[in-house]
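I opened the notebook on this protein today. My plan was to go from the overall fold down to single residues.

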Amino acid sequence: MRFTNKVCLVTGSGSGIGRAAALRFASEEGKVLVIDRDEKGGQETVDMITQAKGTAIFSKCDVGVEQEIQASVQLALDRWGKIDVLVNDAAMMTFKKIIDLSVEEWDKVMTVNMRSVFLFCKFCIPHMNKGAIVNISSVHAFETTANVVPYASSKGAMEAFIRGVSLEYPGQIRINCVAPGAVDTPMLWNNPNVKSGAEKVEGAIGKPEELAAAICFMASDDASFVNGTTLVADGGRLDIL
Ligand SMILES: NC(=O)c1ccc[n+]([C@@H]2O[C@H](COP(=O)([O-])OP(=O)(O)OC[C@H]3O[C@@H](n4cnc5c(N)ncnc54)[C@H](O)[C@@H]3O)[C@@H](O)[C@H]2O)c1
């Protein structure tokens, strides 16, 4: 098993891709800290893991709040004493043109989608030895549509972030992105651009489990020579966008 006795922190694991990744880590004997601001979803993920005889605990955390991130990391350390894998998955979107966007809305997207990645890395890396960080980017980092500029910008920033951080701790951690295309989760179906057909997803909709497979590969020793790069897992969607 690739994650036996490995401590795996997964933000946004109360739903969708994060949940599928948490389940996959646990099925390969990882000890999972399920991190989400949604208590119900997070607890459901923990229940799914424990019912399958896996190991998981829930940490209620808004990744937009520094103190809550620190408390989450501390919970993992208090329980298991180390951190092996960090998956930064939680994110949000806005659906406005930029002149209609308030400063608060811009800051909120950057805080939740990008500052959280910086803070989780800052607090986790000192406790990681031969660890792996996987950040969930998006095809929107490379090709995008109108009305989602803060989201696309945050994912583009994440891409540059991992390239820089990969140079700072060689041998101690690997850090990479997985960039999903359209994936069958609430985030996809709540997107008004998808509902209206402005953003076309037909023909290339992945399952959360398919993303979990990509995430767990990047987090595992199977990817030991993969650092500072991005695995696009989009069913060929970049060719459609
Ligand atoms: N679904 C897609 O089509 C798609 C495509 C490309 C990228 N992504 C990326 O995949 C990741 C997961 O998305 P998903 O589709 O599984 O979404 P989802 O809505 O199913 O799950 C997102 C989870 O993140 C949590 N979350 C949101 N804001 C939070 C916050 N401030 N603090 C803590 N938790 C928070 C939510 O409660 C939810 O449980 C995101 O980074 C998203 O940008 C998704």
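This is a predicted model: local features need pLDDT of at least 70, side-chain atom pairs count only at pLDDT 80 or more; totals for chains, interfaces and linings use all residues.

**Entry 1: helix 5.** I looked up what lies over the buried residues of helix 5. The cover includes helix 4 (103–124), strand 5 (131–136) and strand 6 (173–180). Which residues of helix 5 are buried? I listed Pro-150, Tyr-151, Ala-152, Ser-154, Lys-155, Met-158, Ile-162 and Val-165. I kept a general rule beside that list: an α-helix has 3.6 residues a turn, so residues three or four places apart point the same way. Then I checked the length. Helix 5 runs over residues 149–165, 17 residues in all, so at 1.5 Å a residue it should span 24 Å. Its end C-alpha atoms are 24 Å apart, which agrees.

**Entry 2: overall fold.** I counted eight helices and seven strands in the protein. The C-alpha trace spans about 45 × 35 × 35 Å along its principal axes.

**Entry 3: the core.** The largest nonpolar core holds 69 residues. Those with the most contacts inside it are Leu-9, Ala-21, Ala-22, Val-32, Val-178 and Ile-215. Helix 4 gives the largest share of this core, eight residues. I followed up Val-32. Beyond its neighbours within four places in sequence, Val-32 is in contact with Cys-8, Val-10, Ala-22, Phe-25, Ala-26, Ile-49, Thr-55 and Ala-56.

**Entry 4: the ligand.** I found 28 residues around the ligand. The closest are Gly-12, Gly-16, Ala-91, Thr-185 and Met-187. By class, the shell has 14 nonpolar, nine polar and five charged residues. Helix 1 (16–27) and helix 6 (186–189) each supply at least two residues of this shell.

**Entry 5: Lys-60.** I placed Lys-60 in strand 3, residues 55–60. Lys-60 has 17 C-beta neighbours inside 10 Å, so I logged it as partly exposed. Setting aside neighbours within four places in sequence, Lys-60 is in contact with Arg-37, Glu-39 and Gly-42.

How values were computed:
Residues are numbered from 1 along each chain as its sequence is written. A residue is near a molecule or strand if its C-beta atom, placed from the backbone, lies within 6 Å of it. Helices (H or I, at least four residues) and strands (E, at least two) are DSSP runs, numbered from the N terminus. Ala, Val, Leu, Ile, Met, Phe, Trp, Tyr, Cys and Pro count as nonpolar, Asp, Glu, Lys and Arg as charged, and the others, Gly among them, as polar. The expected span of a helix is 1.5 Å times one less than its number of residues. A residue is buried if 20 or more other C-beta atoms lie within 10 Å of its own, exposed if 12 or fewer, and partly exposed in between; C-beta atoms are placed from the backbone. Two residues are in contact if their C-beta atoms, placed from the backbone, lie within 7 Å. A nonpolar core is a set of buried Ala, Val, Leu, Ile, Met, Phe, Trp, Tyr and Cys residues joined through C-beta atoms within 7 Å.
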